[in-house]
Amino acid sequence: MNIDQKFMLRAIELGKNAIGSAAPNPAVGCVIVHDKKIIGEGYTSEYGGNHAEVNAIASVKDKSLLRKATLYVTLEPCSHFGKTPPCADFIIENQIKKVAIGLQDPHHKVAGQGIKKLKEAGCEVLVGILESECREHHKRFLTYHKKKRPYIILKWAKTVDGFIAPEDSTRQKDAQPYWITNTYSRQLVHQWRSQEQAILVGTETVLKDNPKLNVRDWSGNNPIRVVLDRQLRIPNSYHVFDGSVKTIILTENSEQNPSKENIQYEILGFDKQMAEQICEILCRHNIASVIIEGGAQTLQAFIDANLWDEARVFTGTTTFKKGIKAPNITGKVIEKKNSIDDILIVLEND
């Protein structure tokens with residue numbers, strides 16, 4: 001690993017701090033180096049705040065060093081006015097003469113214009129430093145802008161004998177949560193929720209479990225809740241209607257109750273191409289990533305439509321003997337590890 005790659009790797013690590021909070025903006029990391037020493041660091045603030053380059057430049061104590069410094073950034077600096085002024089202009093104003101970029105921005109408002117602006121101002125620009133690593137880091141942002149849909153993560157837990165939930169008769173006899181995984185695995189899921197912009201579940205999952213769908217066992221933002229409710233069967237007393245976070249109800253029922261705070265309704269056709277329609281709706285709400293946590297029918301709908309990027313599947317030590325079968329999926333195994341006594345397998349859609 002050469003010195004440019006070393007500093008870009010640090011920029012990627014910094015950018016990870018912005019995953020979940022910066023969305024739908026990219027989680028950019030930035031490092032400023034003078035005489036082979038880091039003099040400034042930054043990452044993208046929460047959506048609407050400063051970009052990584054601005055935060056990194058602001059962190060430099062001796063601004064006179066900027067003229068002889070190199071700025072490393074995981075994604076091409078923006079060249080347009082959005083919530084904040086163009087970062088390319090800010091770099092030029094601070095007289096930074098060398099900029100190393102991991103990846104060109106695919107956003108139509110940037111798409112090489114930031115690089116062009118820097119070069120026209122006399123900056124030396126290097127592009128493609130740790131490009132594959134930067135591409136992996138920015139997978140949510142890239143999917144959103146290139147495929148015009150959110151980055152989709154499927155998640156479920158199954159028993160040793162392959163069930164995702166017990167059958168209804170078991171629940172009716174003994175109404176309680178039927179945990180498949182251990183406490184540590186459940187905490188890991190809450191970390192994942194904090195990293196994605198939205199969480200999506202089906203009607204039966206809400207009716208049977210009354211989940212809060214928030215981040216309780218981790219620190220971070222609660223994701224936007226997206227709930228399928230074809231006939232508006234979920235009672236208003238359930239947690240998903242508590243107004244604590246933006247919640248989108250997908251329904252085909254036009255008799256909606258839009259008066260509740262933070263609750264929005266979208267009409268969805270449930271008979272065909274449901275997964276494609278959901279992606280279109282999420283894009284309209286500027287949602288760049290979603291974690292889908294059930295139930296089995298909802299998960300299978302995205303699998304059958306081949307609309308998924310990752311699947312994270314736990315196998316616990318529990319057995320149900322009968323119940324709702326876990327979804328059927330095939331993909332490239334990119335990770336397999338133990339979560340204490342649970343097994344986690346992460347698949348990539350190949």
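**Local geometry, cavity and pocket**

L213 is buried, with a relative accessibility of 4% (buried is under 20% relative accessible area, exposed over 50% and partly exposed in between, for a 1.4 Å probe and protein chains only). The structure is a predicted model, in which local features need pLDDT of at least 70 and side-chain atom pairs count only at pLDDT 80 or more, whereas totals for chains, interfaces and linings use all residues. Residues are numbered from 1 along each chain as its sequence is written, and side-chain values use heavy atoms, with hydrogens and water left out.

L213 lies in the loop between α9 (203-209) and β9 (224-228) (helices, H or I of at least four residues, and strands, E of at least two, are DSSP runs numbered from the N terminus). Its phi is positive, near 55°, and the residue is other than glycine. Q95, also not a glycine, has a positive phi of about 60°. This residue belongs to the loop between α3 and β4 (98-101) and is partly exposed because its relative accessibility is 34%. Most residues other than glycine have a negative phi, and most peptide bonds are trans.

Cis peptide bonds were found at A23-P24, with omega about 10°, and at G294-G295, with omega near 0°. P24 is placed in the loop between α1 and β1. G295 sits in the loop between β12 (289-292) and α11. In helix α11 (residues 296-304), the buried residues are A296, T298, L299, Q300, F302 and I303.

Helix α2 (residues 52-59) has A52, E53, A56 and I57 as its buried residues. Viewed down the axis of α2, these buried residues fall within an arc of 125°, so they line one face of the helix (the arc is taken over the directions from the helix axis to the C-beta atoms). An α-helix has 3.6 residues a turn, so residues three or four places apart point the same way. Among the elements covering the buried residues of α2 are β1 (29-34), β2 (37-43), β3 (70-73) and α3 (87-93).

E266 is located in strand β11 (residues 263-267). Its relative accessible area is 16%, so E266 is buried. A polar contact of 2.8 Å joins the side chain of E266 to the side chain of H285 (a polar contact is a pair of N or O atoms within 3.5 Å; within protein, one must be able to donate a hydrogen and the other to accept it, and residues adjacent in sequence count only if both atoms are side-chain atoms). With neighbours within four places in sequence set aside, the residues in contact with E266 are I248, I249, L250, T251, I281, R284 and H285 (contact means heavy atoms within 4.5 Å).

N2 precedes helix α1, in the segment before that element. It is partly exposed because its relative accessible area is 42%. A polar atom of the N2 side chain lies 3.1 Å from the backbone nitrogen of D4. The C-alpha atoms of N2 and A100 are 13 Å apart, although 98 residues separate the two along the chain.

The count of cavities of 30 Å³ or more is 1. On a 1 Å grid over the protein atoms alone, a cavity is a set of points where a 1.4 Å probe fits but cannot get out, a pocket is an open set with protein on both sides within 12 Å along at least five of seven lines, and lining residues have an atom within 4 Å of a point. Grid points are joined across faces, edges and corners, and a volume is the space filled by probe spheres set on the points. The largest cavity has a volume of about 150 Å³. It is lined by 17 residues, of which N25, P26, A27, R140 and F141 are the closest to its centre. Helix α6 (residues 139-146) gives the most to this lining, with 3 residues. By class, the lining of the largest cavity comprises 9 nonpolar, 6 polar and 2 charged residues (Ala, Val, Leu, Ile, Met, Phe, Trp, Tyr, Cys and Pro are nonpolar; Asp, Glu, Lys and Arg are charged; the others, Gly among them, are polar).

The second largest pocket holds about 990 Å³ of space. Of its 38 lining residues, E136, K139, R140, E310 and R312 are the closest to the centre. Elements that give two or more residues to this lining are α1 (3-15), α5, α6, α8 (183-195), β13 (310-315), β15 (332-339) and β16 (342-348). The lining of the second largest pocket divides into 11 nonpolar, 12 polar and 15 charged residues. E136 is part of helix α5 (residues 131-137) and is partly exposed because its relative accessibility is 44%. The C-alpha atoms of E136 and R149, 13 residues apart along the chain, are separated by 17 Å.
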